[in-house]
Each structure stands twice: as structure tokens, then as C-alpha cells.
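Here are a few friendly notes to read alongside the model. They cover rings, charges and pockets.

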Amino acid sequence: YSPTIFSEPQDLRIPFGAPVTFRCQARGNPRPSIGWRHNLEQDFTEAEALSSEEDNIAAGEFSFIATDGKQIGDYRCVAKNALGKDALSHSLFITGGIPPLILQPPGIRVVVAEGDTTRLPCRSSGYVESTEWKRGDRKVKGDRSEIFDNSSLLVRNVKRGDNGTYGCFLSNPWGENNTTVHLLVETPPRVKVSPSKATVVAGGNFSVQCEVRGDGYPMEISWLRLKDELKNSETISITRVDNVLHLVLHEIRTDDAGKYVCSAQNLAGNDEGIARILVNVPPQITSEKYVSGVEGSALTLPCEAVGVPTPTISWNVPSNDSRFTVFDNGSLLINPLSRRDIGMFRCSARNSVGVASKATAVDALYPAVIIRFPSESIVSVSGAVTIKCEAVGNPAPTYQIILPRVPFVEGITTFSEITSRLNEITIENAQVSIDGSLFVCVAQNKLGNDVGFMTLKVERDE
């Protein structure tokens with residue numbers, strides 16, 4: 001016949017750490033075997049057989065120490081033989097246990113890039129009967145989430161909307177405990193630079209800002225030039241307010257022109273924005289203060305100007321005079337040079353940010369030429385006369401007066417007095433003896449000389 005259990009069911013309340021023993025007796029023919037199942041688990045545990053005087057009675061017991069909350073529950077005694085089986089349930093509750101102990105501080109921060117998979121930890125010790133994750137008042141569930149045996153929460157394909165605070169709730173027969181985890185979902189940064197292009201006058205200041213959009217911590221933002229990160233200095237000021245990085249360049253120079261890169265990076269990615277700066281420079285002129293040439297030849301007056309944009313050069317010369325030509329390099333050609341060109345010529349350079357000018361003194365050189373020296377001069381006997389030799393030339397000419405040699409005449413005791421000073425000849429007490437004398441004036445400079453001849457005539461009184 002099939003087994004029949006005839007022992008009474010046991011409902012035990014055992015202190016934590018105490019021994020537990022379940023007993024079970026059954027009769028059947030053939031003599032049944034006895035085993036145990038815990039909480040309807042499929043694993044079958046053979047009971048320790050106890051001696052019995054009757055051949056058709058089987059007895060067994062199941063013993064252990066109550067040290068784990070997992071041991072709480074139903075214990076089913078199963079008696080079976082070839083003709084059938086019978087079962088009887090017992091119950092166990094362990095008293096004096098403690099709730100799950102959380103091993104991490106609340107508010108742990110987990111940072112993840114959008115689209116990635118992450119795990120929110122919930123570390124604990126002790127018996128955990130159940131784990132539940134909530135976001136606000138809602139239980140976390142769905143195809144993208146999964147709770148593991150260690151109570152951690154796996155979140156797949158993280159979305160921006162998953163950002164927030166999550167609660168981990170642990171419980172066992174003796175109570176419950178909970179903690180929180182903050183999930184921060186980072187999105188790739190998006191950089192906006194303004195202004196993206198600018199023109200600045202040298203010596204001035206320039207300000208540009210880099211605004212970064214995107215969620216993430218930390219968000220690294222920096223300004224770069226030629227791949228080197230810019231730092232605060234006497235001419236550079238960098239300040240950050242939230243996700244906006246300001247760059248100010250002070251006393252801008254020409255070599256500050258170029259490309260400036262704002263770089264932003266977080267766990268989810270990176271982005272860059274570019275500001276291009278053009279530095280304008282007012283014109284600056286390099287020219288000669290003094291230029292000279294020989295009259296009749298060609299003379300070039302240089303005028304070099306630098307600036308950004310490239311300045312245009314002009315000269316204050318008549319536009320309708322074919323003798324003047326302005327070349328592309330800014331120089332002025334005077335051909336032929338005339339003495340009437342002697343004076344100041346002004347070169348002007350102009351661009352969109354300023355005007356500059358410089359004057360050049362022009363000198364025309366020409367050889368000495370006598371313009372006034374009479375070929376004949378008349379003086380009365382015993383009279384006086386002064387004759388002047390005048391010449392023009394550049395450089396100013398020098399003079400040489402050549403006086404005649406007066407012959408000695410026997411019996412004449414009165415002589416003429418002839419003197420010269422620079423370009424003047426003075427004759428006093430003129431005597432007949434010097435009548436017909438030839439006086440020579442020589443005017444000269446480094447370019448040439450001129451010679452004048454004068455004959456003196458002494459008239460006798462009637």
C-alpha cells in the first residue's frame with residue numbers, strides 16, 4: 001500500500017542561531033523513504049533515517065542551525081514508495097534576526113553617457129529576501145532594466161530621461177532598509193562661440209565667449225591656440241560662469257591674429273568652436289627726411305608704409321604734371337628734376353583704420369652760373385668804383401677774384417688801390433696805369449664752375 005504520514009505537523013519559532021529539527025513518520029508497504037523540500041524547491045533532501053521496530057514504518061528527521069533568513073519558510077516532508085507518496089508541511093520562523101545592512105552612503109553618483117549601459121549599486125550585508133528599485137514613487141521595470149542577485153540595478157541604453165534619483169529598497173523577515181543613487185546622464189557637449197569672426201584694431205581689447213550646451217559632470221571647457229591651452233596672464237583673461245567660458249585679449253598685437261578654439265568635453269563626447277580674429281593696424285610710414293638730385297636727372301622719393309589692411313599711398317603733387325609718377329610700391333619719381341621742385345613733398349598712407357603722413361625735403365642741385373658781372377666798368381681818374389660778381393648754384397657757389405698785375409711805370413708816384421672781398425672788387429684812387437686791366441671772377445661748386453671777365457676803363461678828365 002502507498003505511504004501515509006501519521007506524525008503531526010510542526011510550526012516552529014526558533015531563536016537566531018539555535019538548532020532546528022523536523023521529524024516525520026510514515027507507514028507503507030514497501031517501507032517508504034522520507035525526504036524534505038524547502039519552500040517547494042525541487043531539490044529533494046533525504047532525511048536522516050531513524051530506527052523503527054515495525055518493518056512498515058519509516059521515520060526521519062532534518063536538522064540544521066538557524067543562521068540565515070533564507071531558512072525561514074515551509075518544510076515539506078515527503079514519504080514515498082513504489083505505490084505512491086504522501087506529504088506533510090511544517091513551518092519555520094527564525095526570531096531575533098536583523099534587517100539588511102546597507103554598506104554604501106546615500107546619494108552615490110553614477111555618471112553615464114547617453115546610450116551606454118550602466119549599473120546602479122546597492123551594496124548590503126545580511127539576508128535579503130527581496131529587492132525593489134524605485135524612481136520617485138514608481139517601481140523601476142521594463143525591458144531596459146534588470147535587478148541582479150547582489151541587488152544592483154542594470155539599466156541598458158540609457159536615455160536622457162533616465163536622469164534622476166533612484167531608491168533601492170531591501171527587505172527580509174526582520175525588516176527593511178533603503179538607500180539612494182543619483183544617475184547623471186551625460187549628453188555630448190555642443191559648443192557655440194560668439195563672435196565667430198572679428199576684426200580688432202591693434203592695441204585694443206577683444207572679448208569672445210564660448211557657451212556649452214549639454215548635460216554632464218564634469219564638463220571640461222578650455223580655450224586653445226595652436227593646440228596649446230590658454231592661461232590667465234597679463235594680456236589674457238579667462239573666466240567661467242557655469243558652462244560659459246569668457247576669453248578677453250588685452251592690448252592686441254598683430255601676432256595675436258589667427259584661430260582660437262574652444263574645446264568642451266565630458267564623458268559623452270566632445271565638441272569644438274572656432275573664433276577667427278583679424279588684427280587691423282593703422283598705417284606706419286618709413287620715408288627719407290631729405291632727398292637730393294641733380295637738376296635735369298630723375299629723382300626717386302621712397303615711401304614705404306605698413307598696416308592692415310594694406311594702406312594706399314599718395315603724394316601731394318599735381319595730378320596733371322607728367323613729370324611725377326607714383327609707383328605701386330609708393331615711391332614718387334620726379335623726372336626731370338627742376339630747381340622749382342625744391343621744397344617739401346608729403347607722402348600719405350591710408351587704410352580703413354587710420355591715416356599717416358610724413359614729409360620729405362627735396363633739393364635740386366645745379367652747377368654755379370654767374371648771373372651778374374659786367375664785361376666793362378668805367379671809372380674816372382682818382383675815382384672809385386665797386387663791382388660785384390653774383391652767381392647762382394646749388395650748393396651755393398664760392399668765389400675767386402683774380403686781380404690784374406699792374407705794371408711799374410717810371411716816374412709815377414701815385415698808385416691805384418685795388419681790393420677784393422668774397423665776390424666784390426673795390427677800386428679807389430683809380431689811375432691811368434690800370435686802364436684796360438682785366439678782372440676775372442670765378443664762381444664754382446661741386447657740380448661745376450663759371451668764369452666772368454671784366455675790363456676796367458679809366459677816363460681822364462678833359
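1. Let me start with a charge over a ring: the charged end of K134 sits over F169, 5.3 Å from the centre of the ring. A contact of this kind needs NZ of Lys or CZ of Arg within 6 Å of the ring centre and within 35 degrees of the ring normal. R119 likewise lies over the face of F148, at 4.0 Å from the ring centre.

2. A word on the basis. This is a predicted model, in which local features need pLDDT of at least 70 and side-chain atom pairs count only at pLDDT 80 or more, while totals for chains, interfaces and linings use all residues. Residues are numbered from 1 along each chain as its sequence is written, and side-chain values use heavy atoms, with hydrogens and water left out.

3. How many aromatic pairs does a search of the whole structure find? The search finds nine, where rings of Phe, Tyr and Trp (its six-membered ring) pair if their centres lie within 6.5 Å, with planes under 30 degrees apart counted as stacked, over 60 as edge-to-face and the rest as tilted. The rings of F16 and W174 are edge-to-face, because their centres are 6.1 Å apart and their planes at 85°. F16 lies in the loop between β2 (11–15) and β3 (19–27) and W174 in the loop between β18 (164–172) and β19 (175–186), so this pair ties together parts 158 residues apart in sequence. Strands here are DSSP runs (E, at least two residues), numbered from the N terminus.

4. F64 and Y75 are stacked, 5.5 Å centre to centre with 25° between the planes. F64 belongs to strand β7 (residues 57–65) and Y75 to strand β8 (residues 73–81). F64 is buried at 16% relative accessible area, as is Y75 at 3%. Both are part of one aromatic cluster with F22, W36 and F62.

5. Finally, the largest pocket has a volume of about 180 Å³. On a 1 Å grid over the protein atoms alone, a pocket is an open set of points where a 1.4 Å probe fits, with protein on both sides within 12 Å along at least five of seven lines; lining residues have an atom within 4 Å of a point. Among its lining residues are R135, K139, D143 and Y166.

Methods
Points joined across faces, edges and corners; volume = space filled by probe spheres on them. Helix = DSSP H or I, 4+ residues; strand = E, 2+ residues; numbered from the N terminus. Buried < 20%, exposed > 50% of the residue type's maximum accessible area, 1.4 Å probe, protein only.
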